[in-house]
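User: I have a model open and would like to walk through some of its local features with you. Could we take it one question at a time?

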Amino acid sequence: MIPIPRQEDIVSGPHRIEKDLLGPLAVPADVYYGVQTQRALENFILTGVPLSHFPKMIIGLAMVKKAAAAANHDIGLLDSQRFKAIDHACDRLINGEFHDQFVVDMIQGGAGTSTNMNANEVIANIALEYLGHKKGEYKHLHPNNDVNMSQSTNDVYPTAIRVGLQLSHSELVDSLAALQAAFATKRDEFKDIIKMGRTQLQDAVPMTLGQEFGAYATTLGEDIERIGGMYDLLLEVNLGGTAIGTGINADPRYAVLAVDHLARIAGYPMRLAADLIEATSDMGAFVLFSGMTKRLAVKLSKICNDLRLLSSGPRTGLFEINLPPQQPGSSIMPGKVNPVIPEAVNQVAYQVIGNDLAITMAAENGQLQLNVMEPLIAYKILENMRLLRRAMDMLRERCVVGITANVDRCRELVNNSIGLITALNPYIGYENATRIAALALQSGRGVLELVREEGLLDEKLLEEILKPENMVNPRQRST
């Protein structure tokens, strides 16, 4: 948990007094946030995860404030001195400075007002120092009157979330592409290793280990395209709609100017929503994007389940592949090494799936012209992005690139499998195949041994059928 400065502790040390609607309050002298942030800090002691844990969100907020200031300056509402000071403060936040001053809990009441005011106050106090004034001397530049000019939390906050997601989006796609490439490398490395495929955890038909890993590469490749397609969802913003989308307290020129400036600053083709009232209350883009992260999490978890099964053993499991050992696996069983990396990814996937449900419920529970649950949506969707990116990088670096194949074990399981009879079925008929399979199961003998014993196929044809390339690909059969 982050340390919460209490009033009794603050007043006993260096502090300044700031005032808001509820009256005066002591704020530590050296901090850049102000009275409203201090109240939120004391009110919302929930997750212990402050906004500073998500730097892209802070950068998104700074970009929105910078764009708003530029639009207000264009219109003539913000003088050049104040504009330059706010612009300077925003640039410092965009460059990564002062992020430790964003202290409010990610889950908060007020539809994100505490987050917006945290940004307004930090920007104001950085700007005041730039102008040669002390922190808290808001008569020279005010968090609400100047930094928040023509804005409301209700258009700033969802816009900043979208910008933050845009900034995080490319990192997620890069991590996914790198993991997909690692599986593709293993596909090529394992292309000639014959093994048994399985359905319902039972022997099915032969395949190659390369085909198995190639399927993992393909399924992740699909999500590179689909997550890339989600990009457009995040470009539409309600900046300029202010409180409920009507644009109250904003100049008629402001919305278009602000969004144009934001597109330039962020480097993304942001666009103004056609219906700002709808855009202020609707969380549909976040629901869709969250659903895409859940889909990826499900795929990653399924792949990790497979890796754990394929490496199970080493003596009593499948043991077709070796996962690189990362740490001792037991405090009591000497020599035991567990598949800790896939296990950790599984748990990340479960968290992402749970977060998606939280986002869904938060989106559904917005009422009338605003969704007050946006802080939870922001928290969980940003957490999903971070968790998935870290999990994929970990899986690639500490597991996939180091996987090796147990070639002899794979071949042994193929030769001993009753599932091999499927390859012979077109040649000996279904009834013979069923009988041989049952006999092999009862006697413990091999399928090929029994086929040879009964003379059901001549050796030349049998060898042809059992060639790996004929068992793992479609093959034209002569009549």
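What follows is a set of questions and answers on this predicted model.

User: Happy to start with Lys195. Is Lys195 buried or exposed?

Analyst: Lys195 is found in strand E3, which covers residues 194–199. Its relative accessibility is 1%, and the cut-off for a buried residue is under 20%. Lys195 therefore counts as buried.

User: Which side chains make polar contacts with the side chain of Lys195?

Analyst: Beyond its neighbours within four places in sequence, Lys195 is in contact with a list of residues that includes Val205, Leu310, Cys410 and Val414. Glu212 and Glu320 are also among those contacts. A polar contact of 2.6 Å joins the side chains of Lys195 and Glu212. A second one, of 2.7 Å, joins the side chain of Lys195 to that of Glu320.

User: Let's turn to another lysine. Which side chain makes a polar contact with the side chain of Lys380?

Analyst: Lys380 sits in helix H13 (residues 374–398) and counts as buried, at 13% relative accessibility. Setting aside neighbours within four places in sequence, its contacts are Gln351, Asn355, Ala358 and Ile359. The polar contact of its side chain, at 3.4 Å, is with the side chain of Asn355.

User: Now to Arg445. Where does Arg445 lie, and how accessible is it?

Analyst: Arg445 belongs to the loop between helix H16 (430–443) and helix H17 (447–454). Buried residues are under 20% and exposed ones over 50%, so Arg445 is classed as partly exposed. Its relative accessible area is 29%.

User: Which side chains make polar contacts with the side chain of Arg445?

Analyst: Apart from neighbours within four places in sequence, Arg445 is in contact with Ala440, Leu450 and Glu453. The side chain of Arg445 makes a polar contact of 3.1 Å with the side chain of Glu449. Another, of 2.4 Å, is with the side chain of Glu453.

User: Staying with H17, why do its buried residues line one face of the helix?

Analyst: The buried residues in H17 include Val447, Leu448, Leu450 and Val451. Viewed down the axis of H17, its buried residues fall within an arc of 165°, so they line one face. As background, an α-helix has 3.6 residues a turn, so residues three or four places apart point the same way. For H17, then, the value to look at is the arc of 165°.

User: Which residues other than glycine have a positive phi?

Analyst: Most residues other than glycine have a negative phi. Ala111, in the loop between helix H4 (80–94) and helix H5 (113–130), has a phi near 60° and is buried at 3% relative accessible area. A second case lies in the loop between strand E5 (236–237) and helix H9 (254–266), buried at 2%, with a phi of about 50°: Thr242.

User: What is the omega of the cis peptide bond that joins Gly313 and Pro314?

Analyst: Most peptide bonds are trans. Here, Pro314 lies in the loop between helix H11 (284–310) and strand E7 (321–322). The bond joining Gly313 and Pro314 is cis, with an omega of about 10°.

User: What is the volume of the largest pocket?

Analyst: Gly313 and Pro314 come up again here, as they are among the lining residues closest to the centre of the largest pocket, along with Ser311, Val337 and Asn338. There are 17 lining residues, and by class they are eight nonpolar, seven polar and two charged. The volume of the largest pocket is about 340 Å³.

User: And the largest cavity: which helix gives the most to its lining?

Analyst: The structure holds one cavity of 30 Å³ or more, and the largest cavity has about 40 Å³ of space. Its lining includes Leu323, Asn338, Pro339, Arg398 and Cys399, and divides into seven nonpolar, two polar and one charged residue. The helix that gives the most, with three residues, is H12 (residues 340–364).

Definitions and conventions
Residues numbered from 1 in each chain as written. Predicted model: local features only at pLDDT ≥ 70, side-chain atom pairs only at ≥ 80, totals over all residues. Heavy atoms only, no water. 1 Å grid on protein atoms, 1.4 Å probe; cavity = no way out; pocket = protein on both sides within 12 Å on 5 of 7 lines; lining within 4 Å. Points joined across faces, edges and corners; volume = space filled by probe spheres on them. Nonpolar A, V, L, I, M, F, W, Y, C, P; charged D, E, K, R; others polar. Helix = DSSP H or I, 4+ residues; strand = E, 2+ residues; numbered from the N terminus. Buried < 20%, exposed > 50% of the residue type's maximum accessible area, 1.4 Å probe, protein only. Contact = heavy atoms within 4.5 Å. Polar contact = N/O pair within 3.5 Å; in protein donor to acceptor, adjacent residues only side chain to side chain. Arc of directions from axis to C-beta.
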